[in-house]
Amino acid sequence: MDFGQILTDGLRASIGINAAAFALAAIGLNVQYGFTGLLNFGQVGFLLVGAYGTAITVDRGGPLWLALLVGILAAVGLAMLLGIPTLRLRADYLAIVTISAAEILRITVASRQLEGFTGGAFGIGGFAEAFYDLNPYPTGRYGIGDVSFNHRTLWLLTVAWACVIGGALIVRLLIRSPFGRVLRSIREDEDAARSLGKNAFATKLQALLVGGVFGALGGIIIALDASFTNADYWKAPVTFFAYTVLILGGVASVFGPVLGAMIFWFFYTGLDTLLRQAIKQGVFGDVLTTTDTGPMRIAFVGLALMALMIFRPQGMLGNREEALVDER
Amino acid sequence: MSDDAILEARGMRRSFGGLIAVDVDEFHVPRGQILGLIGPNGAGKTTFFNLLTGFERADDGSWVFDGRDLTGKPSYRIARAGMVRTFQIPKALSKMTVLDNMKLAAPHQRGERFFAALARPLWISQDHAIETRALELLDWVGLADKRSDYAGTLSGGQRKLLELGRSMMTAPRLLMLDEPTAGVNPALTETLLERIQSLKDEGMTVLFVEHDMDVVTTISDRVVCMAEGSIISEGTAREVVSDPAVIDAYLGRHRRTAKLATEGRADRDDHGEGAGT
């Protein structure tokens, strides 16, 4: 087996577009779930509206800046739409509404009636050129050995990782402020927060909104990378990958989602190469074929998530003492 | 008397299905005093607390706090107005430090606004002042050496003390304590009661729900007794405790059984019914 290949594939993925996009999605979930205790099981919906908001605006002749703004505002709108009716209720309602809203959105954008607008099942393409026109890097390949990217990807990577680092720094400022204290108090006990004069509803709405905007940024980056978006991509596993990234990195730790995304994509991609090579060499005999690598590695994600919860509930960067405080 | 009431409530009603949990025509809390609210289990004391503090919606009724109508206001607004409550089962914010629990409660924090939170210089000096105050109050409740521990590691009694200190961080004008000594060991109970009494000396008004008659008679200036949702007696602790209506509410059939027993005619049929009271 070619371990060099496995390693370079993994390394390339660990700093690649997906790692950055999922880091952003997980930073958003961290604000919502990690710090405020909101169960958003439809983060993919925020990625979707970001991607489609941007794609449709460009498709209709809008400039790039407006398209990005529309993508972000779409997430704000979605957060308000989902949050205002549910955040006054018990926590589980948000979980139900977000997971269903994400499904509704995915099915809606794929509908035949909206074909002129969203491209229906075919999706929308060709909206990313305005972004790549701004590319300052000369044509070529950049990197060390096989861990390299072309000038287009490098440009998107630069922007994406700048968003990730900027996002993590913003979260760090927020969390270490009195606002962050209110967020955590709501996670711990909303009634206690309210009994001390904190407007829990408004604060939860703000958290949902901020987390949703980070999700939208992740969605926009994924769409720009593919120069294309259609409904097939925006399915529930995207949300669960983002949760895995968050738990792996460390719930309620500022840089956990970033490290989590890098580790996740290193193993997720490395495992793919490993499985393919093993199958080609007949290690699994007739039991597995190369088409099985996709499902197999998703199964491994589940397994890894379980192992994490048992052996390292605080993730890579989380605080073990905090994770294990007895909740009475 | 009602001229000098800090809180006045009228016509408070709340029912759950067919059960009338609270039905209080008139209730007032005299300013600067300690008022004890007593009553047997299920009398509606906690529900009444919840109505006044906005944690449950009243079917009917109105209440005025220090000249402000708070009828139907959300709980956080009632707390901001200066009516601050604690809970029967203390709500320590487990995964936050004791000090953060305290600092959270301070009112009017500039850094609680989203955009201001991002600009540290806007709120950092206020935050330092809040921390100083929090440390003073932690000292006052005897938890100063626990300041960096997670609140989830505190004992039940320590959580009650933390809640008391945390409520004081809000600078309340009426402190509403729901069973402050429940589940607290005797030594800590004494500390707690001393603290509550010292608050009164500083001009604070305190309303507290309590089961323990000793506690009630020790610290309250006046006592109100509820039973089956209504107020059945009020006055000084001594007056209320000796009120036949109160004795009836507390002892119910036990009393009758006891009386019958002394008359030498213990009635077997009554045993079962009295057991749960």
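Start at Leu134(A). Leu134(A) is exposed, because 9 other C-beta atoms lie within 10 Å of its own, and 12 or fewer counts as exposed. Keep in mind that this is a predicted model.

Where does Leu134(A) sit? In the loop between α7 (129-132) and β2 (141-144) of chain A. Compare its position with Phe228(A): the two are 94 residues apart in sequence, and their C-alpha atoms are 18 Å apart in space.

Four bridges join β2(A) to β3(A), residues 147-150, and the two strands run antiparallel. One bridge pair to look for is Tyr142(A) with Phe149(A) in β3(A). The hairpin has two residues between its strands. Gly145(A), in that hairpin, takes a positive phi near 55 degrees.

Now zoom out to chain A as a whole. Its secondary structure comes to 15 helices and four strands. The C-alpha trace spans about 65 × 50 × 40 Å along its principal axes. What radius of gyration would a compact globule of 328 residues have? Near 20 Å, and chain A has 20 Å, so the two agree. Of the 328 residues, 50% count as buried. On contacts, take those with a separation of 6 or more: 74% of them in chain A come from residues 24 or more positions apart.

Next, the helices on either side of one loop. α13(A) has 25 residues. From first C-alpha to last, α13(A) reaches 36 Å, close to the 36 Å expected at 1.5 Å a residue. Just after α13(A) comes Gly282(A), with a positive phi of about 75 degrees. Most residues other than glycine have a negative phi. Ala252(A) is not a glycine, yet its phi is positive, at about 65 degrees. Is Ala252(A) buried or exposed? Buried: 25 other C-beta atoms lie within 10 Å of its own, and the cut-off is 20 or more.

On to the interface. 28 residues of chain A are in contact with 31 residues of chain B. Four elements of chain A give two or more residues to the side that touches chain B: α8 (151-175), α9 (178-188), α10 (190-195) and α11 (200-226). Which of them gives the most? α9(A), with eight residues. By class, that side of chain A has 10 nonpolar, seven polar and 11 charged residues.

Stay on α9(A) for a moment. The helix is mostly covered, with 11 of its 11 residues buried. Among them are Arg181(A), Arg184(A), Arg187(A) and Glu188(A), along with Phe179(A), Leu183(A) and Ile186(A).

Now chain B, and two sheets to look at.

Take the four-stranded one. This open sheet has the order β2-β1-β4-β5 (chain B), with antiparallel pairing. At the edges stand β2 (19-30) and β5 (68-69) of chain B; each has a single partner strand, so one side of each has no neighbour in the sheet. Inside the order, five bridges join β1(B), residues 5-16, to β4(B), residues 60-65, and this pair runs antiparallel. Glu8(B) stands opposite Val64(B) in β4(B).

Then the six-stranded one. This open sheet runs β6-β7-β8-β3-β9-β10 (chain B), and its pairing is mixed. The edge strands are β6 (83-85) and β10 (230-235) of chain B, each pairing on one side only. From one strand to the next, the twist averages 20 degrees. Four bridges join β3(B), residues 34-38, to β9(B), residues 222-227, and those strands run parallel. Gly36(B) has Val223(B) as its bridge partner in β9(B). Helix α7(B), residues 186-201, packs on this sheet and touches β3, β7 (174-178) and β8 (205-209) of chain B. The direction of α7(B) makes about 150 degrees with that of β8(B).

Last stop: the loop between β9 and β10 of chain B, where Glu228(B) is found. Glu228(B) is another residue other than glycine with a positive phi, near 50 degrees. With 16 other C-beta atoms within 10 Å, Glu228(B) is partly exposed.

That's the tour. Over to you.

Key:
Residues are numbered from 1 along each chain as its sequence is written. Chains are lettered from A and ligands numbered from 1 in the order in which they are written. This is a predicted model: local features need pLDDT of at least 70, side-chain atom pairs count only at pLDDT 80 or more; totals for chains, interfaces and linings use all residues. Two residues are in contact if their C-beta atoms, placed from the backbone, lie within 7 Å. Ala, Val, Leu, Ile, Met, Phe, Trp, Tyr, Cys and Pro count as nonpolar, Asp, Glu, Lys and Arg as charged, and the others, Gly among them, as polar. Two strands pair if DSSP finds at least two bridges between them. Axes are lines fitted to C-alpha atoms, for helices over the stretch in contact, and angles run from 0 to 180 degrees between N-to-C directions. The radius of gyration is taken over C-alpha atoms; the globule rule is 2.2 Å times the number of residues to the power 0.38. The expected span of a helix is 1.5 Å times one less than its number of residues.
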